[in-house]
2 protein chains.
Amino acid sequence: MSDPLSDPLSGPLSGPDLLPLLGGPPTERRDAARNREALLVAADELVDVCGVDHVTMEAVAARAGVGKGTVFRRFESREGLMAALLDRSETVWQAAVISGPPPLGPGADPMERLLAFGRSRLETTLRHAELIRAAGRAGSRSYAAWSFTAMHVRYLLGELDVRGDLPVLATALLAPLEVPVLEQQVRVEGFPVDRVLAGWEDLARRVVRPPDA
Amino acid sequence: MSDPLSDPLSGPLSGPDLLPLLGGPPTERRDAARNREALLVAADELVDVCGVDHVTMEAVAARAGVGKGTVFRRFESREGLMAALLDRSETVWQAAVISGPPPLGPGADPMERLLAFGRSRLETTLRHAELIRAAGRAGSRSYAAWSFTAMHVRYLLGELDVRGDLPVLATALLAPLEVPVLEQQVRVEGFPVDRVLAGWEDLARRVVRPPDA
DNA sequence: AGCCTAAACGGACCACGGTCCGGTTCTATT
DNA sequence: AATAGAACCGGACCGTGGTCCGTTTAGGCT
């Protein structure tokens, strides 16, 4: 650890072009990257303090020590900023699905994985409901997130030998796990989360069950 | 037409309490009712001209010849106004479900009615997508609309001898017909409407099909 | 008819999301 | 090291949703 050559992540070697092949297409300027990070951190803290929908763009800018215009250049809109925030948690969740321990990750049989997926997705969605709402349909970010879940469910259905229009069927399984639907049931109707989850698992089994046999 | 006594809608007889037992709980003042109607008409026209999300509250107020404050007192918020607009079309659709001709209305067997419901609901939702979006979760209005569809599907599932948690299952069938899901498939992924509909019908059959038998 | 009160009215006012453009700062190049 | 120019920065500015409160009006009651 004391030898700079053994630690590729620090020391005088970490110049501007240490990793020339990473990053976005035309590479982002250093100050810009610093500001992006500062803004994300500021936003995160403010969300913790005030709650998602009391966070104003001006406050985020001020806390990060930059101008308002900068926030909008980096994140396009309020929705964009929220989507970026969301992206972080979403990424770690995706990692758990791709390479985490079973039954959510690979290793269990597909039906177990599907049920674990539903439970996990439902909990995650409910936990981040406010942020997801605030992120709206922001640019292509939230599309990527959706796309991942759709692909995963589609894959599992394939493994389970489900016949039919898999992309559409997968969407149908995902739809009841969306924020508005969940909130309607849990917050408005007052159904316990366990009941909603049980309902989804029932649905999943009905979809997967082979025709007659 | 020239004799005032032959026209029950005008003339000196149409006093303040011509219909003492109609109207909301504490009865709405006449000028208030007039303004509500004028606002609804103005909003409707402006939506036709500019498209839903270019309609400003100030423009609606101006066109109806009232102040902005009045609009907000009557409809609570922008979402509220849009919800009120939506309410009208929704009401005639509900009438078609309750008492219209089969297979959407009563008279066909439940499975036919369910499939007709899905097709009709999908088309209606897509047609009013912008308005529904703009209405958001406005007060209790859009709740009433949702509640109606949920109740209807729940009833049909009951008629079809489906076992399980009917309220939750009905919600699961409704969820893929919500605006964000539909738009994702049709507008973003580019699936033809017919394909999405076929997918929903497949889903419905899988849900209804009795367990093994 | 005339009064009285609750309700409705209107438009000035505020906050926040989003845009714009003149000035500044980074980085590639020589 | 010096230069050029692209990318970035900041904060004044605008439009719109939503609030507030002094004023007006409808309609029941005497």
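Which residues are the closest to DNA strand D? In this predicted model, where local features need pLDDT of at least 70, side-chain atom pairs count only at pLDDT 80 or more, and totals for chains, interfaces and linings use all residues, the closest are A:Asn35, A:Arg73, A:Arg74, B:Arg30 and B:Lys68. Residues are numbered from 1 along each chain as its sequence is written, chains are lettered from A and ligands numbered from 1 in the order in which they are written, and side-chain values use heavy atoms, with hydrogens and water left out.

**View 1. The protein surface near DNA strand D.** The surroundings of DNA strand D comprise 22 residues, a residue being near a strand if one of its heavy atoms lies within 4 Å of it. Sugar or phosphate accounts for 60% of the atoms of DNA strand D within 4 Å of the protein, and bases account for the rest. Polar contacts are pairs of N or O atoms within 3.5 Å; within protein, one atom must be able to donate a hydrogen and the other to accept it, and residues adjacent in sequence count only if both atoms are side-chain atoms. The side chain of A:Thr70 places an N or O atom 3.1 Å from a phosphate oxygen of DNA strand D, a polar backbone atom of B:Arg78 lies 2.8 Å from a phosphate oxygen, and a polar side-chain atom of B:Arg29 lies 3.4 Å from a base oxygen. Two or more residues of this surface come from each of helix H1 (30-50) and helix H3 (68-75) of chain A, and from each of helix H1 (30-50) and helix H3 (68-75) of chain B; helices here are DSSP runs (H or I, at least four residues) numbered from the N terminus. H3(A) gives the most, with five residues.

**View 2. The protein surface near DNA strand C.** Around DNA strand C there are 21 residues, of which A:Arg30, A:Lys68, A:Arg78, B:Asn35 and B:Arg73 come nearest. Of the atoms of DNA strand C that come within 4 Å of the protein, 58% belong to sugar and phosphate. A phosphate oxygen of DNA strand C is 3.0 Å from a backbone N or O atom of A:Met57, and a phosphate oxygen is 2.8 Å from a polar side-chain atom of B:Arg74, whereas a polar side-chain atom of B:Arg29 lies 3.2 Å from a base nitrogen. H3(B) gives the most to this surface, with five residues.

**View 3. The contact between chain A and chain B.** Each side is made up of 33 residues, from chain A and from chain B, where contact means heavy atoms within 4.5 Å. About 2900 Å² is buried between the chains, with carbon and sulfur atoms giving 58%; buried area is the accessible area (1.4 Å probe) that two parts lose on being put together, summed over both. A:Val168, A:Arg206 and A:Arg209 supply 22% of the area that chain A buries against chain B, more than any other three residues. The two chains share two salt bridges, a salt bridge being a side-chain nitrogen of Lys or Arg within 4 Å of a carboxyl oxygen of Asp or Glu. In the pair of A:Asp165 and B:Arg195, the closest N and O atoms are 2.6 Å apart. H10(A) gives the most to the side of chain A that touches chain B, with seven residues.

**View 4. B:Gln185 in helix H9 of chain B.** B:Gln185 lies in helix H9 (residues 179-189) of chain B and counts as buried at 3% relative accessibility; buried means under 20% relative accessible area, exposed over 50%, and partly exposed in between (1.4 Å probe, protein chains only). Leaving aside neighbours within four places in sequence, B:Gln185 is in contact with A:Val168, A:Thr171, B:Gly190, B:Phe191 and B:Val196.

**View 5. Salt bridges within chain A.** The side chains of A:Arg187 and A:Glu183 meet in a salt bridge (3.2 Å, N to O), and both residues lie in helix H9 of chain A, four residues apart, about one turn of the helix. A:Arg187 counts as exposed at 53% relative accessibility, whereas A:Glu183 counts as buried at 15%. A:Glu58 forms a salt bridge with A:Lys68, with the closest N and O atoms 3.9 Å apart. This pair links distant parts of the chain, A:Glu58 in helix H2 (residues 57-64) and A:Lys68 in helix H3, 10 residues apart.
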